[in-house]
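I opened my notebook to record a few look-ups. The entries follow in the order I made them.

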Number of protein chains: 2
Amino acid sequence: MQQSPPTRERILDAFQELIIESGERAATLGAVAERAGVSKGGLLYHFGSKEALIDGLMGRLKELVDADIALMRVDPTGPIDYFIRTSVSMEGQFDRCIVAAARLAQGAHPAARDGLRSAQAEWLNVITETVHDPAIARTIMLVGDGIYYNSSMGAGALTAQEMDDLVSTVHRLAATSAP
Amino acid sequence: MQQSPPTRERILDAFQELIIESGERAATLGAVAERAGVSKGGLLYHFGSKEALIDGLMGRLKELVDADIALMRVDPTGPIDYFIRTSVSMEGQFDRCIVAAARLAQGAHPAARDGLRSAQAEWLNVITETVHDPAIARTIMLVGDGIYYNSSMGAGALTAQEMDDLVSTVHRLAATSAP
DNA sequence: GTCTATAGATAGATAGAC
DNA sequence: GTCTATCTATCTATAGAC
């Protein structure tokens, strides 16, 4: 029998999805509460302010980033393949959480900005360990950032063919080296 | 003697800068009016609603994009060099307008989303004409998108050295071709 | 732990004087 | 073309019952 997630998680889910679907502005406490199936008062018992709600989502982000970095390091296809392919999906909790965080970061919420920045720093670390050339590593990071930029703008997902082309293009780039 | 720009332009400037500095949410009609040096009523004479204000900024964006595409086609260093180097600055009206539009697009404003999408389509056209390989062209576009993603997140500007490295890395990528 | 009721602040927009 | 005054709606947050 299916258990409904704890209220706290349902609230964070509702907040995250509302931000993705309709922007930060539409993610009011009332809308989040309704979507999570609680009253405003009930929501404010778990997160005492809107800032606390954002901090809650950033806590979730940090957990997911840590898990992702660990997976990236051990992926059999290598960190670059993993990085590009997982940047693109928008299907999992992780990507959805990142897109929501990106939108909050644009709304000038320092906690969201810092959370994403430290995630970027960790990814760049692993990529630099792999390709050694810092300029190439930074360029690959920019490709990943570009993918998130498009995701967060509601662009459609890449086809499987486009995805394969992109991965192989990035691999050729990684094999290149400055003269 | 310095002429102050017409009120309409001052209002658009104020709107744009407020969005960049503090996010869409802080760019209320009152805040925009104050920054532009008019009253709310004065603002609403020129732009009858917040949506009209957004449409006004999108009109400015379209003009700037058209001018940019024209420059990109005739730049002596070539379209790719021009595309990468100008994606990065955040100093000119054009980049600031794009970043503001990107933030509005994330707030689920369809007009902003459409304006940016058509700009991206035009850039991609020119790049594809230059490098011929569509997968490489798309990858270069993603690098440019990544730069804007970082700009709109308030990341610091690249150093001149990082910029040169990036441009040469992208050029090596452009020289690559699928087997 | 969750609810209702409500306070207090601020948003977008209108009306009409100048 | 610009202003002040004001209306209405909505948002965050608090208080207190259950």
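**Entry 1: positive phi**

Where in chain B is the place of B:His132? I found B:His132 in the loop between α7 and α8 (134–152) of chain B. I note that the model is a predicted one. I looked up the backbone next. Phi of B:His132 is near 70°, a positive value in a residue other than glycine. Most residues other than glycine have a negative phi. I then checked accessibility. B:His132 has 61% relative accessibility, so it counts as exposed; the cut-off for that is over 50%.

B:Ala108 sits in the loop between α6 (93–106) and α7 (110–131) of chain B. Is B:Ala108 buried, exposed or partly exposed? I read a relative accessible area of 40%, so B:Ala108 is partly exposed.

**Entry 2: chain A overall**

I turned to chain A for the fold. How many helices and strands does chain A have? I counted 9 helices and 0 strands. From the N terminus on, the order of elements is α-α-α-α-α-α-α-α-α. The C-alpha trace of chain A spans about 60 × 30 × 30 Å along its principal axes. Chain A has 179 residues, and 49% of them are buried. I also looked at sequence separation in the contacts. Taking contacts in chain A between residues at least 6 apart in sequence, 70% join residues at least 24 apart.

**Entry 3: two spots in chain A**

I picked A:His109 first. A:His109 is in the loop between α6 (93–106) and α7 (110–131) of chain A. Which residues does A:His109 touch, not counting residues up to four places away in sequence? I listed A:Glu24, A:Ile54 and A:Leu104. I also took one distance. A:His109 and A:Ala157 are 48 residues apart along the chain, and their C-alpha atoms are separated by 27 Å.

A:Ser151 came next. I found A:Ser151 in helix α8 (residues 134–152) of chain A. Its relative accessibility is 14%, so A:Ser151 counts as buried. Setting aside residues up to four places away in sequence, A:Ser151 touches A:Val88, A:Met90 and A:Val99.

**Entry 4: a methionine in chain B**

I looked up B:Met58, which is in helix α4 (residues 50–74) of chain B. Why does B:Met58 count as buried? I read 10% relative accessibility for B:Met58, and buried means under 20%. I left aside its neighbours within four places in sequence and listed the contacts: B:Ala101, B:Leu104, B:Ala111 and B:Ala112. B:Ala101 is 43 residues from B:Met58 along the chain, yet their C-alpha atoms are separated by 7.3 Å.

**Entry 5: helix pairs in chain B**

Two packed helices are described by the angle between their axes and the distance between the axes. I took α1 (residues 7–22) and α2 (residues 29–36) of chain B first. They pack at an angle of about 120°, with their axes 8 Å apart. That angle makes α1(B) oblique to α2(B). I noted the crossing of α1(B) and α2(B) as right-handed. From α1(B), B:Arg10, B:Ile11, B:Ala14, B:Phe15, B:Glu17, B:Leu18 and B:Glu21 take part; they meet B:Ala31, B:Val32, B:Arg35 and B:Ala36 in α2(B). By class, I get 7 nonpolar, no polar and 4 charged residues in the contact of α1(B) with α2(B).

I then took α5 (residues 79–87) and α9 (residues 160–175) of chain B. Their axes are 10 Å apart and the packing angle is about 140°. The crossing of α5(B) and α9(B) is right-handed. On α5(B), the contact uses B:Ile80, B:Asp81, B:Ile84 and B:Arg85. On α9(B), I listed B:Met163, B:Asp164, B:Leu166, B:Val167, B:Val170, B:His171 and B:Ala174. The residues of the contact of α5(B) with α9(B) divide into 7 nonpolar, 1 polar and 3 charged.

**Entry 6: how the chains relate**

Last, I superposed the copies. What rotation superposes chain B on chain A? I got 180° with 0.0 Å of shift along the axis, at an RMSD of 0.0 Å. That is the relation of a two-fold axis. The same surface serves both copies, as 100% of the contact residues of chain B recur in chain A. Which residue of chain B comes closest to the rotation axis? I found B:Gly146, whose C-alpha is at 1.9 Å.

Technical notes
Residues numbered from 1 in each chain as written. Chains lettered and ligands numbered in written order. Predicted model: local features only at pLDDT ≥ 70, side-chain atom pairs only at ≥ 80, totals over all residues. Heavy atoms only, no water. Least-squares fit on C-alpha atoms with pLDDT ≥ 70 in both. Contact = heavy atoms within 4.5 Å. Axes fitted to C-alpha atoms, helices over the stretch in contact; angles between N-to-C directions. Helix = DSSP H or I, 4+ residues; strand = E, 2+ residues; numbered from the N terminus. Parallel < 35°, antiparallel > 145°, perpendicular 65-115°, else oblique. Left-handed = near helix turned anticlockwise from the far one by under 90°. Nonpolar A, V, L, I, M, F, W, Y, C, P; charged D, E, K, R; others polar. Buried < 20%, exposed > 50% of the residue type's maximum accessible area, 1.4 Å probe, protein only.
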